[in-house]
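Dear colleague,

I am passing on to you the structure that we discussed, together with a short account of what was found in it. Please keep the structure open beside this message as you read.

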Amino acid sequence: RSDEDAARLLRSALDAERAGRVPGTWLFMNGADRARGALDVEYDEVVAALRDLGQTDVARVPFNAADTGRTLAAFVTGTASLGATIEGNRFSAGAIVDNLTSLGAVPQNFAPTGEAQVSIARWVAMGVAGVHGTVEEPLNNCFPSRRFAVDYAEGATLAEAYLRHMPFVYWRNLVLGDPMTAPWAHRPRVTVTGAGEGETLTASRVVTVVAEPPDGAQIVTTVLYVDGVEAARSAGDRVTHCLAGDGARELLAVAQIAEDQGAGRHAPKGWTRVRVTLRGA
């Protein structure tokens, strides 16, 4: 509904990435009626899968439009109207939401006031990282499987979590949020030695990038970029490069784990940034 709300989506994503987790309850609320509860049958399996991933704060509850006072990592339900349950709860940075109802993302729901059914803009204003709704009557078979929450907890990006579980290819669907955020991702740990953040170098210096994989996975690519230009690459977990010259430099080191390794089905990158100044190096 505002530029501030749009920026809030990005802040939520970035804050969650920095934290590496999304605190709070994964809340699965039964639909308010039979049509909007069409996917409730998936809840028990999803709750069990999240607990298997180590998420202990997971709950399935009856529909209650006045369920408040919680801190939420995710909220899934189905209803045409919802009272204090949106504004009466705290949504953690990185939280994701879906509400199975026909008109959550119709254009009038982004006006300063008023809504048709439950506006997804209300969740954006509360600081979630991702929310799904439909822009016109879609019938109830176009909504993402509730397993989208499991993918997200496994380490999928927000885009992968929602879009992989849509029965059709974007049939009147709208997902709002930073598509690349993945706060639960098991990322490689990347370190740079030989030059420190903010350091001034008065002689040439060899820097070394080392990538440590998570969960016993294998690093398949390590790349060092200097001012956005690839300077060195290896097919392993280590790369070196000699810095020389004059001026400010931004070093970005990125490592990728193998696609068929690591936790779950997701193979994220890890990275670190170092900024230095060269003077007659």
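In this message, helices and strands are DSSP runs, a helix (H or I) having at least four residues and a strand (E) at least two, and both are numbered from the N terminus. Please note that this is a predicted model.

Is His165 buried or exposed? Buried means under 20% relative accessible area. His165 has 16% relative accessibility and therefore counts as buried. Leaving aside neighbours within four places in sequence, His165 is in contact with Phe143, Pro144, Ser145, Arg147, Phe148 and Asp151.

The loop between helix 6 and strand 6 also holds Arg172. Phi of Arg172 is near 60°, a positive value in a residue other than glycine. Arg172 is partly exposed, as its relative accessible area is 28%. Asp227 likewise is not a glycine, yet has a positive phi of about 55°. Asp227 belongs to the loop between strand 10 (219–226) and strand 11 (229–234), and with a relative accessible area of 43% it is partly exposed.

Leu39 lies in the loop between strand 1 (25–29) and helix 2 (43–52). Its relative accessible area is 15%, so Leu39 is buried. Apart from neighbours within four places in sequence, Leu39 has contacts with Leu100, Phe143, Pro144 and Arg146. Phe143 and Pro144 were also named among the contacts of His165.

The C-alpha atoms fill a box of roughly 70 × 40 × 35 Å along the principal axes. The protein chain has 281 residues, of which 48% count as buried. Of the contacts with a separation of 6 or more, 66% are between residues 24 or more positions apart. The accessible surface comes to about 12,600 Å², and carbon and sulfur atoms account for 51% of that surface.

A disulfide is a covalent bond between the sulfur atoms of two cysteines. How many disulfides does a search of the whole structure find? The search finds zero. Cys142 counts as buried, because its relative accessibility is 1%, whereas Cys242, at 42% relative accessibility, counts as partly exposed.

Finally, there are the pockets. The largest pocket has a volume of about 320 Å³. Its lining consists of 19 residues, and Thr157, Met180, Arg187, Pro268 and Lys269 lie nearest its centre. Helix 1 (3–19) and strand 14 (269–278) each supply at least two residues of this lining. By class, the lining of the largest pocket has eight charged, seven nonpolar and four polar residues.

The second largest pocket holds about 240 Å³ of space. Among the residues that line it are Leu14, Glu17, Trp184, Arg187 and Trp271. Helix 1 gives the largest share of this lining, three residues. The lining of the second largest pocket has six nonpolar, three charged and two polar residues.

Yours sincerely,
A colleague

Notes. Residues are numbered from 1 along each chain as its sequence is written. This is a predicted model: local features need pLDDT of at least 70, side-chain atom pairs count only at pLDDT 80 or more; totals for chains, interfaces and linings use all residues. Side-chain values use heavy atoms; hydrogens and water are left out. On a 1 Å grid over the protein atoms alone, a cavity is a set of points where a 1.4 Å probe fits but cannot get out, and a pocket is an open set with protein on both sides within 12 Å along at least five of seven lines; lining residues have an atom within 4 Å of a point. Grid points are joined across faces, edges and corners, and a volume is the space filled by probe spheres set on the points. Ala, Val, Leu, Ile, Met, Phe, Trp, Tyr, Cys and Pro count as nonpolar, Asp, Glu, Lys and Arg as charged, and the others, Gly among them, as polar. Buried means under 20% relative accessible area, exposed over 50%, partly exposed in between (1.4 Å probe, protein chains only). Contact means heavy atoms within 4.5 Å. Accessible areas come from the Shrake-Rupley method with a 1.4 Å probe; for residues, only the protein chains shown count as cover. A disulfide is a pair of cysteine sulfur atoms within 2.5 Å.
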